[in-house]
Amino acid sequence: MHVEKLTCALGAEISGIKLAEVGRNDDLAGEVNELLIKHKVLFFREQEISDAEHAAFARRFGELEDHPLASSADSEPGIIHIWKSPESPPERYENSWHTDAAWRERPPMGAVLRCVECPPVGGDTMWANMELAYEQLPDHIKEDIADLRARHSMEATFMAAKPADERLAMKERFPDPEHPVVRTHPVTGRKCLYTGGFITHFTNYHTAKRVRVGQDWHPGAANLLQYLISQSAIPEYQIRWRWTPGSVAVWDNRCTQHYAVMDYPPCIRRMNRATIIGDRPY
Ligand code: SIN
């Protein structure tokens, strides 16, 4: 197995390994797990694997979950389709910096994304190291956000274009959870900025510490939220991966954000994702 670090911020390309074999081999799975904790996102090329092998590899990190809105592979629960073509609905959600499913009480710990078909050029995915983003914040911002919490919403994102009755029914199933703005990694104990595209507002900003009079509240909270959200867009925290059919990315969803670049229509892009169940952020 050969490991090549791809940027100073995060990401490594692993070669000389077959993911189908990792799915069957405890020692190899342990090594890949350690590499994931270290590099936060791992890339593999030329992995001709079936949906079953894809799921078996992903289960090495934990149990899988489907997505309430994405179609799943018939043959393999846990493998969802992120397939885009000119016929796809106009609403897009993956071209926004986000951590997957932050609208769950227990967002995924990670995901394994496999490229089935991609445009000849375009359709890259970017990731950002949110531990680095947190570390490099000015001290006064770190102090200010240490106790902050925020709400994340499926209703305000995936459901916004749906009829109100469908939107409200989904909100019953997935009530908007509240998560800490600074999250601690359950394995490493390191802190990261836990914001991203599903966040709607801070839930405990309006205290005497920050709000003297009403005028302080909305601009203060909105500016701070916008500032924190914008950190993932800093190039020094990022990696950008160019897909080829059969390439695979595995990421730690607890300390990274990602963004699928939507520059390829009218080409087709088909990705299959296994999503690994995670813990409640703290
Ligand atoms: C995702 O947001 O999980 C999908 C990323 C991608 O399609 O590149």
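Guide: The residues of the shell around the ligand divide into four nonpolar, three polar and four charged; here Ala, Val, Leu, Ile, Met, Phe, Trp, Tyr, Cys and Pro count as nonpolar, Asp, Glu, Lys and Arg as charged, and the others, Gly among them, as polar. The model is predicted, so local features need pLDDT of at least 70 and side-chain atom pairs pLDDT 80 or more, while totals for chains, interfaces and linings use all residues. Residues are numbered from 1 along each chain as its sequence is written, and side-chain values use heavy atoms, without hydrogens and water.

Visitor: Which residues surround the ligand?

Guide: A residue is near a molecule if one of its heavy atoms lies within 4 Å of it. The ligand is surrounded by I82, E94, H98, D100, L113, T125, W251, H258, A260, R269 and R273. Strands are DSSP runs of E with at least two residues, numbered from the N terminus; β15 (256–260) and β16 (269–276) each supply at least two residues of this shell.

Visitor: How much of the ligand does the protein bury?

Guide: Accessible areas come from the Shrake-Rupley method with a 1.4 Å probe. Taken alone the ligand exposes 260 Å², and the protein buries 98% of that.

Visitor: How are aromatic pairs read?

Guide: Rings of Phe, Tyr and Trp (its six-membered ring) pair if their centres lie within 6.5 Å; planes under 30 degrees apart count as stacked, over 60 as edge-to-face and the rest as tilted. By this rule the count comes to 13 aromatic pairs. W97 and Y259 form a tilted pair, 5.6 Å centre to centre with 50 degrees between the planes. This pair links distant parts of the chain, 162 residues apart: W97 is in the loop between β5 (79–84) and β6 (110–117), and Y259 is in strand β15.

Visitor: Which peptide bond is cis, and where does P266 lie?

Guide: The bond from P265 to P266 is cis, with omega near 10 degrees. P266 lies in the loop between β15 and β16.

Methods:
Helix = DSSP H or I, 4+ residues; strand = E, 2+ residues; numbered from the N terminus.
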